[in-house]
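Please look over the model shown here. The report below covers strand pairing, an annotated segment and aromatic contacts.

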Amino acid sequence: MNVSTVQPVFKLELNHKVNPGIVTLAKYDGTHACLTASAGYDKIIIHHPHVGAITGRAQISENHREISELNLSQAVIALAAGPLRPDTNRDILLIGSPTQILAYDVHDNSDLFFKEAPDGVNVIVAGSFGKYTKTLAIVGGNSSVLGLTWEGNEAFWNVVGGKVTAMITFDFDRDGESELIVGSEDSFIRVLKNNQFVAEIAETGPVVCLSVISDVRFAYGLANGTIGIYEDGVRLWRVKSKQNAISLQWSGEALACCWSNGRVDWRDGSSGRVLRRVQMRASAAAMLLADYRALGTPDLVCVSVRGEVLGYSPTQESSGFNDTTKNPATEEDRLAITELLNKKQALMLELQHYEANAASAVMPDLEDDRPTTAMPTNTRLQVAVVHSLDEGCLNLAISTNNETIVRAALILAEGIFESGETLARHPPLSQIRPILHVPLHPPRDVPVDVHIKALVGYPNSEQYHIFEMTKQLPRFAMYTMNYNATNRINYNSSYVTFQITERLQRICIWANQNFLLENELELNSEDAKEFHVNLTCLRDQSTLDMNFNVDGNVKITTSDMRLAGDLVQSLAVFLNLTDLKSTANFVEAEKKLREEMENASQAGEMRSRLAAETAERAQLITALLPAAQDAASYDLYKEVVMLNEELIAACHVRRATQEHAVASLKTLHTILQQAARLRVGKYSKAVVSASRNAVKENNVEALIKIIQVGESL
């Protein structure tokens, strides 16, 4: 790593503490950028160095004359800005609170709209994509994504499998139209095109930030410290850190990454190699890209939680390092030298091992003709994955093709191990066997590449050779063939049926590619009338039954609606199906949906009643407090204190009610998303649209009908 001598082109202090992640840059007058941030529970600060004082609801700060303060009555969860109004190029400030969205015109001191958000607010972006050509306020909630026009009208709505944590607009499929890229807490990056999810990428942790790099690339950051770049939907590279990424921006010719501990580094866009690095004096709150000096070129604006703002010019960043300076070595220089010396020592040690191996090969042990470090030239690493129904997992068996043994193994895989992405297997000498077994527990049905590094040698070896191999697990590897006919499930239970026009041979190929099978499946004959597969899930011992008829009728019987949706989507991708209609019957999901709709309805009624009672008590306190002060009456003060205690208790009840309602909505939206995944194309889109209307009308029977046939009829 090179050590940077890049210096900030500007510094300033906001004299306010800044909440991490709740920062945006906006041009409220249409020309000059203003830094806007959350500076407390319900306070927003606006730094306006190029414009005069902002009038109206915002007040000039006593600590800084270039800062205006905007006080609200609710907690600030998210901030965004964009030119929402079609008749002006001025940015509108979007403020997200736990259950509401406010669009505020800072320049005109007016509210564009104030909208309730029952599903909560986690992230807001302003942008357009697909058929939505005008700028929208796009709100990511706990289990849904919502698009609002500048007047507050709903433009689109869709359900997401988890809490939405990051969003960008990006041309994912390179068709000339942008799509909405949604990152969520369930470790998926989803692509929304014209209100229909067309692709999803499984990651190893919750997605915390997304950033557009170019027409074909976008960057992502995860809660486990991983950052990387995708190009044309394929991961280009990724690296992992102990810190969490706050923001990613493409600055100059490198990817700038701001970490939670205040470190900012620039990485090569093709490999992820660190080019230079700087350290802020406090933890980072945000990093944005904007022309903050009004010079016509964007600067990288870094904000700390203490209110320190540093700006870095892309020109200065890409100009390289100060080669001509003769300044004394800095702490970073000394750290770089120490790192190089450590690498030199490691290489010298490796060279000594090679020399020892060569010497032992020339002078073998007198008692044994076999050198302790030698290795037969035909040694090969053998890897197999088998199902273990009793243990409920996959067993990775590692061995060699001769008398050598596998002394230890390092397994690298994404999203399989609870402690991380790496598992080391190093049995004691007394437990060494010819085959080394490693249990694998994939929690999700996604394809996984398992990278194996094994130490191979003889039992009495002092040094070992490293063998590497990669084994790919198919998407549905956790399902094993069930040859016992008595374990088949009842055909009258939960299922999904649909019609396709495809040869059974192609279905057979799909099954062999997506399931981990001891022997490849084959049709009984070329004239076979059906293709039947019965499997058992290793996770919960549930049964999956798939029946494909020659007339195109398909029936998938399983109690897990999520699994049925995954199978339908996998089959649709393999067969290149653009539209697919289905009929489903999932009794448990329907029962759960009824319960959650009832819970959400009761929570809404209780929330309204508590809000009315709170407002009544607040009015009583407002009326009694002046009277108590004038009369100095102990009884009146006592009554005020009792009312205040009742208000606090009601506040706790309202909070618990809101959390219960959000949980119910999240479960409800998850069921609706799974129902949409039972269809493909326009039929999936129709499920989402019909579900939205049914939820608004609180029509449970219509929702049940939508799950079953894809429409409310």
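The notes start with the basis of the model and then take up its parts.

## Basis

This is a predicted model: local features need pLDDT of at least 70, side-chain atom pairs count only at pLDDT 80 or more, and totals for chains, interfaces and linings use all residues. Residues are numbered from 1 along each chain as its sequence is written, and side-chain values use heavy atoms, with hydrogens and water left out.

Helices (H or I, at least four residues) and strands (E, at least two) are DSSP runs, numbered from the N terminus. Strand β39 covers residues 530-537. Six of its eight residues are buried. Buried means under 20% relative accessible area, exposed over 50%, and partly exposed in between (1.4 Å probe, protein chains only).

Two strands pair if DSSP finds at least two bridges between them. Strand β37 (residues 479-481) runs antiparallel to β39, with three bridges. Tyr479 has Cys537 of β39 as its bridge partner. Strand β40 (residues 543-549) is also antiparallel to β39, over seven bridges. There, Asp545 of β40 stands opposite Asn534. The β39-β40 hairpin has five residues between its strands, and Gln541 takes a positive phi near 65°.

## Annotated segment

UniProt, in an unreviewed entry, lists residues 686-708 as "domain: BBS2 C-terminal helix bundle". UniProt positions are given in the numbering used here, feature names are shortened, and annotations may be inferred rather than shown by experiment. In the model, residues 686-708 are 87% helix and 0% strand. The end C-alpha atoms of this span lie 13 Å apart.

## Aromatic pairs

Rings of Phe, Tyr and Trp (its six-membered ring) pair if their centres lie within 6.5 Å; planes under 30 degrees apart count as stacked, over 60 as edge-to-face and the rest as tilted. The count is 13 aromatic pairs. Tyr132 and Phe156 have ring centres 5.2 Å apart and planes at 35°, so this pair is tilted. Tyr132 sits in strand β12 and Phe156 in strand β14, 24 residues apart. Tyr132 is buried at 11% relative accessible area. Phe156 is buried at 3%.

Phe218 and Tyr230 are stacked, because their planes are at 20° and their centres 5.5 Å apart. Phe218 belongs to strand β20 and Tyr230 to strand β21, twelve residues apart. Phe218 is buried at 1%, and Tyr230 at 3%.

## Cluster and charges over rings

One aromatic cluster is formed by Phe476, Tyr479, Trp510, Phe515, Phe531 and Phe548.

A charge sits over a ring if NZ of Lys or CZ of Arg is within 6 Å of the ring centre and within 35 degrees of the ring normal. Arg444 lies over the face of Phe188, 4.9 Å from the ring centre. Lys555 lies over the face of Tyr495, at 4.6 Å.
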